[in-house]
Amino acid sequence: MSAHIGVTGLAVMGANLARNLARNGYTVALHNRSVARTDALLQAHGGDGDFVRTETLTELVESLERPRRVLIMVQAGAPVDSVIADLVPLLDDGDIIIDGGNSFYEETRRREESLRAQNLHFVGVGVSGGEEGALNGPSIMPGGSKESYDTLGPMLEKISAKYNGEPCCAWIDTDGAGHYVKMVHNGIEYADMQVIGEAFDLMRSLAGIEPREQAGVFREWNTTDLASYLIEITAEVLEQEDEVTGRPLVDVVLDSAGQKGTGRWTAISGLEVGSPVTAIAESVFARSISSQRELRAVTNATFSAGIDETLSATEKYGSAEDRQDFVEDVRKALYASKLVAYAQGLDMLVAAGEEFGWDLDLKAIASLWRAGCIIRADLLDTIMKAYDAPKDQQPKNLLLAPEFNEAINECLPAWRRVVAAAATYGVPAPVFSSSLSYYDSLRRDRLPAALTQGLRDYFGAHTYQRVDKEGTFHTQWSGDRSEIDA
Ligand code: 6PG
């Protein structure tokens, strides 16, 4: 029996994708460095469909129909290169190597270029949805050549999540485009989680709403325009009780957030392509600060001595009515900040498209995120509609789309009140506040960048342009201070 696809790397994501493929009627050849894992998978889930057990990469490759499709599901980085190096001598022209891990897009670009030169296809595929998604239908963002998608696409679409029957999988563009879009998805995921955390902290610190009660608040929010997977699971995490202490689980979990790198890459790439992804970068920094536990222990003791902001805050938001108003304000601040995170992420995709020569279709990308992935949200359907126009007629920024412009206007007073309260009472809200600054920067007629230019020209003769005539100028600061053409 020849297999439709081979999967090498059978940790949980690889195993679940292999099972998903088998459940969808594909014959899947299985390979893992240690055969025990292959056997464990077959033992536990062999009934999911047709599998071919192999012990070596040679056996795996020999078991495949042509063009061969080999899905690599190993840890991003050097392990991917090592599997590729082992596979290449076993493959023939036109075969397809697929990397379904969270690889860095520059590495995907490099690998694609090198394998293309050897007449092989290399497809970097962004896969979102965690373990559960991999098994039951993830959101899939494939890059690589269009030609390889013709062969591979139908399989990926079949195993992907469906939104109203439409697959959450479509070819993104060449080389690393799929992994790039997945990276930005993760950056938005970071921001999405951070704004949820800020809302939680503000409601607890300023209005005294405890985790169990907040579970109800988030559940209620999930029936509003905030409806999304992350809001839904926030309610579940908040109402979880610690088995040992009986306290809310969230109170016994160490407040130090980890990261595997995709959010950081998004922020770095934002800086590189000149796209201000402040919400994403602040979310990455918020995780970094949370991890500086030793420093925080010292600063907490030093900076907090004698200050009791939260007492007066709790008095302020103490009455039931005030609390309710505050909760609604926080909901609006969360929604507006979330819109900013999406607007920044999408802007960044446009900038990256220009940088890397990809023609990224924002409407199609939003459609892929509607189901299966971690940031799935009702909002994405509206985002799709906002970009439902020829490129030259699409909004220059998501916030300019009429429906979102209106939503921001509606949220704005509440957003300002929440950011002001956070600052007044000393509760950190880096994404709420930086997103508001981003919005205010966009709407501002003149920015103080003119002064920055003046200073740069003063100390470094970096020159400036003028509002009233063409050209580049320099003021002779150390001379008679007259202006010359530069
Ligand atoms: C997904 C997730 C997934 C993973 C992240 C978590 O879309 O399914 O984004 O890829 O959970 O890598 O990243 P951090 O460990 O950096 O939070």
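In this predicted model, the axes of helix α9 (residues 211-221) and helix α10 (residues 229-239) come within 8 Å and cross at roughly 165 degrees. Helix α9 is therefore roughly antiparallel to α10, since angles over 145 degrees count as roughly antiparallel. The crossing of the two helices is left-handed.

On the α9 side, the contact is made by Pro211, Arg212, Gln214, Ala215, Phe218, Arg219 and Trp221. Their partners in α10 are Ile231, Thr234, Ala235, Glu236, Leu238 and Glu239. By class, the residues of this contact divide into 7 nonpolar, 2 polar and 4 charged.

Some backbone features lie in loops. A cis peptide bond joins arginine 66 and proline 67, with omega about -10 degrees. Proline 67 sits in the loop between α3 (57-62) and β4 (69-72).

Positive phi values occur at alanine 461 and at arginine 481, neither of which is a glycine. The table sets out these residues.

| Residue | Phi | Loop | Relative accessibility |
|---|---|---|---|
| Arginine 481 | about 65 degrees | between β10 and β11 (483-485) | 48% |

Conventions: Residues numbered from 1 in each chain as written. Predicted model: local features only at pLDDT ≥ 70, side-chain atom pairs only at ≥ 80, totals over all residues. Heavy atoms only, no water. Helix = DSSP H or I, 4+ residues; strand = E, 2+ residues; numbered from the N terminus. Buried < 20%, exposed > 50% of the residue type's maximum accessible area, 1.4 Å probe, protein only. Axes fitted to C-alpha atoms, helices over the stretch in contact; angles between N-to-C directions. Parallel < 35°, antiparallel > 145°, perpendicular 65-115°, else oblique. Left-handed = near helix turned anticlockwise from the far one by under 90°. Contact = heavy atoms within 4.5 Å. Nonpolar A, V, L, I, M, F, W, Y, C, P; charged D, E, K, R; others polar.
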